[in-house]
Amino acid sequence: MARLEDAGIGTVLKKLTVVGAGWAGLAAAVHAVQQGWQVRLLEAAPQVGGRARRVMHQGLPLDNGQHILIGAYRETLQMMRAVGIDTDQHLWRLPLNLRRPDGRGLQLPAWPAPWNMLAAIMLAKGWGWRDKLSLGGHALRWRLNHFQAPPDMSVAMLCRDLPAAVMSLLIEPLCVSALNLPPAQASAQVFLRVMQDALAGGAGSSDMLIPRTDLSSLWPDAAVHWLAQHGADVETGCHVQSLDAWLTDPVVLACPAWEAARLTAGIEPTWSAQAHALTHTAITTVYVKANQPLDWQSPVMALHSDAHAPAQFAFDKGQLSPNPEMQGVLAMVVSASTHDRQTTTEAVLWQAKHQLGLGQASALLTVVEKRAAFACEPGVRRPSAWVRQGLVACGDYIDGPYPATLEGAVQSGLHAVTLLSHKRMGENKA
Ligand SMILES: Cc1cc2nc3c(=O)[nH]c(=O)nc-3n(C[C@H](O)[C@H](O)[C@H](O)COP(=O)(O)OP(=O)(O)OC[C@H]3O[C@@H](n4cnc5c(N)ncnc54)[C@H](O)[C@@H]3O)c2cc1C
């Protein structure tokens, strides 16, 4: 049997089971191996990656939903590098760009913070001087308050004095893409935390990092390969029905909130009820095929969005991917989507035609992810990572600074293992 003498700890490797191989479970598994655990990773689906994974359609490597990362996702980028991913090659880095096809909106120049933000505000089209001064004043106040807000405050309350043009061209697109909720329903505390990390988090933090590959190739496939090389067991198609058989060793519960609630109902009812009480919001991605070449300056375009034009962003997959089959393919993203598949698809095609000038565009595939993100509302109570002795949980919904994001999922995976490892070190000392 493998021994931890090799890792310099001086005891027999202890076993750890991770249930769920989304980005949180994979991060937990990789970190646990790095910490000297013997890991078994169990995944219900035939493939790993959870909500951020490849979906093949007519031979094209599309995704379960278009994703975007930002430069502030430090732990995610670190995890990618740890398993051998070249992040510069796999991600297209560009300064934050919320410009619409009509040129209105904010685009940060490639300058260091805070000069990039100041210059972007000064140069933004579609805002008058009063709008710009008001935004500058708010941003300064948030910074002086260390980006803190009361837990029960919404983003709409936080920004109630901001002019309508700033709300529609900046706050609304940022809020809905980061928290998957409109400002009236989104937590100001979590919004400000994302703003702090992105806008005041050092060089490159606010950059958009857009995947140039499908999401499985971006990290999950490489993570599984790394785990196999380092002696971990990864089983797909293994739907854990009950934890009874697994709790002889420590367990990291890395499935989504509703499934974690089911599995813990008879073990820790209070924790289970808290996980069960979370509500979720949807994201729809409409993959569109244009019958003409796209000549966009940037691979991403912000869109004017309202009840009849639901997509907030469009991505030029042809520009992003080296695969020639992706030429003319767009991913149009409807965050906080509320309508059915057909209505959303038709409305997005209308946007492709009238906002992007793609008269002959047709829908390739519409992916509706009904439980894309937990609703990060003011005062939301998120379950803790600690469930009980020998059982910890991770996932984007676990109590932490981030909304439902890849970085939130990865950070919680690392934290869960750290909790167990500290406990184990305590046992070894005793
Ligand atoms: C359409 C869409 C767009 C998004 N866009 C972005 C974005 O742009 N940027 C961003 O940062 N985030 C984005 N997100 C959020 C991000 O994808 C999630 O926060 C993240 O993937 C959650 O990872 P997780 O590991 O916590 O959960 P999951 O991905 O849900 O993983 C849980 C895993 O557990 C498995 N499982 C469930 N039950 C069991 C069981 N009983 N036994 C074994 N296995 C089980 C599941 O099959 C799954 O693989 C988006 C999400 C969606 C859906």
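Trainee: Which residues does Asp-131 touch, not counting residues up to four places away in sequence?

Mentor: In this predicted model, Asp-131 lies in helix α5, which covers residues 129-144. Leaving aside residues up to four places away in sequence, the residues that Asp-131 touches are Gly-126, Pro-163, Ala-165 and Val-166.

Trainee: Is Asp-131 buried or exposed?

Mentor: Its relative accessible area is 15%, and a residue counts as buried when that value is under 20%. Asp-131 is therefore classed as buried.

Trainee: How many residue pairs are in polar contact between domain 1 and domain 2?

Mentor: Between domain 1 and domain 2 the count of salt bridges is zero. For polar contact, where both residues must have pLDDT 80 or more, the count between domain 1 and domain 2 is six residue pairs.

Trainee: Which residue of β7 stands opposite Leu-94?

Mentor: The open sheet has three strands in the order β5-β7-β6, with antiparallel pairing, and its edge strands are β5 (69-70) and β6 (91-94), each of which pairs on one side only. Strand β6 is joined by four bridges to β7, residues 208-211. Within β7, the residue opposite Leu-94 is Met-208.

How values were computed
Residues are numbered from 1 along each chain as its sequence is written. This is a predicted model: local features need pLDDT of at least 70, side-chain atom pairs count only at pLDDT 80 or more; totals for chains, interfaces and linings use all residues. Side-chain values use heavy atoms; hydrogens and water are left out. Two strands pair if DSSP finds at least two bridges between them. Helices (H or I, at least four residues) and strands (E, at least two) are DSSP runs, numbered from the N terminus. Buried means under 20% relative accessible area, exposed over 50%, partly exposed in between (1.4 Å probe, protein chains only). Contact means heavy atoms within 4.5 Å. A salt bridge is a side-chain nitrogen of Lys or Arg within 4 Å of a carboxyl oxygen of Asp or Glu. A polar contact is a pair of N or O atoms within 3.5 Å; within protein, one must be able to donate a hydrogen and the other to accept it, and residues adjacent in sequence count only if both atoms are side-chain atoms.
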